[in-house]
Amino acid sequence: MELPVIGNTASPAACASSGCGTPASTEDRLSDAIRAKVQDHPCFSEDAHHYFARMHVAVAPACNIQCNYCNRKYDCANESRPGVVSELLSPDQAIRKVLAVAARIPQMTVLGIAGPGDPLANPARTFETFRQLSARAPDLKLCLSTNGLKLPHYVDEIARHNIDHVTITINCLDPEIGARIYPWIFWNNRRIRGAKGARILIEQQQQGLEMLIARGILVKVNSVLIPGVNDQHLKEVSRAVKAKGAFLHNVMPLIAAAEHGTYYGLSGQASPTPAQLQELQDACAGDMAMMRHCRQCRADAVGLLGEDRGSEFTMDKLDALELSEIDYATARQRRQVVHDEIIAQLAQKRAARHASPALLPALLPAPAGDDHPTLPTASLRSVLIAVAARNGVVGEHFGHAREFLIYEASPDGVRFVGHRKTELYCSGPASCGDGEAAVEAEPQSVLETTIAALAGCEVVLCSKIGFEPWGQLEAAGIMPNSEHALEPIDAAVLAVYREMAASGRLALPAPSRKAA
Amino acid sequence: MALKITSACRNCWACIDVCPQQAIVEASPHFVIKAEQCNECLGVHDDPQCASICPIEAAIVDSLGAYLNPPGSLTGIPLARLIDFGLWHGAD
């Protein structure tokens, strides 16, 4: 079965040329059949992630491999990264939690199991959760995220539970590279180390991928970008998984810090810079659709991507949050209404994108005098613009933004290239209270951290901003702009780019950028 | 003759699912191997299953108290570094 892969062959109806304002919008290039499957899935659709919510239930603590970026000892509520959870749930507890959350977040469409171990290393708990949920909240899409080791074994079970979105983490195809990522796997009743174990894992992942595709299940591939280990190799991974029919490739940055107690963290392995990540994503994008809105969420995340509400729905609060069956039925109807409204809005936005005239001619308004001829757009450089976003618009106060969406504006239009978090993943033992970690984080103000995170951006769009951050941002070469508050992001970014072009700033080289 | 779980255990359930004797039970503060049911997998598997999947170093000991997975053996992090970073404080 061949899946149309976005970014590969644009359909004639789609944005085949750079004339469209948002040429990189992945949704525009999808076939209707695929779009119907992903349009309300925040982890598979960039458009959807602004509006639809998901939750993960942590029913799968056991794992069957070790990754060098993971430390199973940690459980810190302040951290946001895969493999970290605050409380494990039994399948019964998970059902109670899902129903309560879905009754209060009507935008919720997806229930995933992603750990904190591997769902398929916990088959009884994982599939029992799915079984009960299909019966009690049949409107929720089910998905799981796996390391792939047991995927061939459980692929029929996955298909039986109507799970039509699966994510496999594939970091390599070469067992020698694998040996530098996976110290061991548990396979056929043994712990198997080094390249031998990595080879088995890779074989199972690839076979599992093929089997899922053969059953018509959408597959996203996650890869962790580990500089010096698999960075160049990931281009080959991207080509290979696309050839087998994977739908989307999500290259994520390694998160490694000594205080996490991981092999990589303690051995000084570098995490990629935002620029390195974007470079690799761009290199892979020629061959494969890339996901860039991933937030590398926790295995117990709740809500919109990037806005975790897990702390509102802990087990100790659940008794007070539970509703009657009748209320759950009403909540399900409300979800349907909200869902349909959002889908209609998204369709309208898509239609508007197609209907808008080519933007390039309008990009550069003719200057007042004829003695300043319009610059050829080809000579304009691209600009990175950070956006404090909420629900798809420039809707967040600068000081309240926990993350910024990063857009690249160029003569080709506006494209989303990633996001930057404004807080450290974990600010260390002082705030964590975890005495096992002994590395003090550098003292740095939140504003300084934010400015460092925005390195490379020339403008930051927000709904409001205070006087002090304005001055410091400007001093750092990042122009704050709150003139586009509540405008749709694409339009606001394009307007700013057009202003920059008109003022002649884009014919000049980028100002020297503060290092990250 | 039986294996034993130490306080290093993080209750991840991996061992419970693979124990051929169903000798491991959920307990607080950490899971427990029922000594009367554990046969260390002798005659069933080449290696004790709990210790073969356990991701936590020093979490399982034999009847002499020796670690089946000593510090550093699963992550490859050198013992000296574990001590430097306060991640290894010695035996229970």
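1. Where is the place of Gln22(B)? Gln22(B) sits in the loop between helix H1 (14-18) and E2 of chain B; helices (H or I, at least four residues) and strands (E, at least two) are DSSP runs, numbered from the N terminus. Although Gln22(B) is not a glycine, its phi is positive, at about 50°.

2. On conventions, the model is predicted, with local features needing pLDDT of at least 70 and side-chain atom pairs counting only at pLDDT 80 or more, while totals for chains, interfaces and linings use all residues. Residues are numbered from 1 along each chain as its sequence is written, chains are lettered from A and ligands numbered from 1 in the order in which they are written, and side-chain values use heavy atoms, with hydrogens and water left out.

3. Two peptide bonds deserve a remark. The bond from Gly115(A) to Pro116(A) is cis, with omega near 15°, and Pro116(A) belongs to the loop between strand E3 (108-113) and H4 of chain A. The bond from Ser28(B) to Pro29(B) is cis, with omega near 5°; Pro29(B) occurs in the loop between strand E2 (24-25) and strand E3 (32-33) of chain B. Most residues other than glycine have a negative phi, and most peptide bonds are trans.

4. In chain A, helix H3 (residues 91-104) packs against helix H4 (residues 123-136) at an angle of about 40°, with the axes 9 Å apart. Axes are lines fitted to C-alpha atoms, for helices over the stretch in contact, and angles run from 0 to 180 degrees between N-to-C directions. H3(A) and H4(A) are therefore oblique to each other (angles under 35 degrees count as roughly parallel, over 145 as roughly antiparallel, 65 to 115 as roughly perpendicular and the rest as oblique). Residues in the contact (heavy atoms within 4.5 Å) include Ile95(A) and Val98(A) of H3(A) and Gln132(A) and Leu133(A) of H4(A). By class, this contact of H3(A) with H4(A) has six nonpolar, two polar and four charged residues; Ala, Val, Leu, Ile, Met, Phe, Trp, Tyr, Cys and Pro count as nonpolar, Asp, Glu, Lys and Arg as charged, and the others, Gly among them, as polar.

5. Also in chain A, helix H5 (residues 151-160) and helix H7 (residues 194-214) pack at an angle of about 20°, their axes 8 Å apart. H5(A) and H7(A) are therefore roughly parallel to each other. Among the residues making the contact are Leu151(A), Pro152(A), Val155(A) and Ile158(A) of H5(A), together with Leu209(A) and Leu212(A) of H7(A). The contact of H5(A) with H7(A) comprises seven nonpolar, three polar and no charged residues.
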